[in-house]
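Please read the following report alongside the sequence and the coordinates. It moves from the chain as a whole to selected residues.

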Amino acid sequence: MNHSPPTGGFDYDTLINWALLIALSLWGGWASFVRKMREGHARAWNITELVGELVIAGFTGIVTAHLCDAIPSFPVSLKYAFVGIAAHMGSRALFRFEAMMNARLNLPVDVQKKDDDHAA
């Protein structure tokens with residue numbers, strides 16, 4: 001009886017790749033928090049602001065990585081650079097993504113504001 005291992009195994013390369021991308025995203029969030037702290041926009045020991053920066057940076061980095069993966073033959077080194085930059089930008093990058101999608105889908109620039117105007 002042949003007891004060979006199953007052919008479909010766990011892909012460690014993918015796991016390491018995503019772990020590095022998430023670590024890079026968190027590093028971008030940390031850098032953003034330090035920049036804000038030095039400029040006086042964030043308090044040094046405010047854990048809530050730090051966690052907020054890290055969560056937003058992690059989310060933005062993952063979204064950017066998926067967008068880069070959606071482009072055929074996108075260079076991996078450029079993907080890491082874009083993830084780091086977008087993570088450091090945080091919510092500003094999300095607003096840019098939103099503006100690009102609104103333009104691409106021909107949506108109004110500020111749907112929430114228009115809905116609020118009709119409610120009054």
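Predicted model: local features only at pLDDT ≥ 70, side-chain atom pairs only at ≥ 80, totals over all residues.

## Overall architecture

The chain contains 5 helices and 0 strands, and the order of these elements along the sequence is α-α-α-α-α. Among the contacts that link residues at least 6 apart in sequence, 60% are between residues at least 24 apart.

Of the 120 residues in the chain, 22% count as buried. The accessible surface of the chain amounts to about 9100 Å², and carbon and sulfur atoms account for 66% of that area.

## A nonpolar surface patch

On the surface, a nonpolar patch is formed by Phe-10, Tyr-12, Leu-15, Ile-16 and Leu-20, which together present about 570 Å² of accessible area. One of these residues, Leu-15, belongs to helix 1, which spans residues 12-39. Leu-15 is classed as partly exposed because its relative accessibility is 45%, a value that falls between the limits of 20% for buried and 50% for exposed.

Where in the chain does Thr-64 lie? Thr-64 is placed in helix 2, which runs over residues 47-70. Its relative accessibility is 5%, and Thr-64 therefore counts as buried, given that the class requires a value under 20%.

The side chain of Thr-64 approaches the backbone oxygen of Thr-60 at a distance of 2.8 Å. When neighbours within four places in sequence are set aside, the residues in contact with Thr-64 are Phe-82, Val-83, Ala-86 and Phe-97.

Definitions and conventions. Residues numbered from 1 in each chain as written. Heavy atoms only, no water. Patch = residues over 30% accessible without salt bridge, like charges linked within 9 Å, V, L, I, M, F, W, Y side chains within 5 Å. Areas by Shrake-Rupley, 256 points an atom, 1.4 Å probe, with all protein chains shown as cover. Salt bridge = Lys/Arg side-chain N within 4 Å of Asp/Glu carboxyl O. Helix = DSSP H or I, 4+ residues; strand = E, 2+ residues; numbered from the N terminus. Buried < 20%, exposed > 50% of the residue type's maximum accessible area, 1.4 Å probe, protein only. Polar contact = N/O pair within 3.5 Å; in protein donor to acceptor, adjacent residues only side chain to side chain. Contact = heavy atoms within 4.5 Å.
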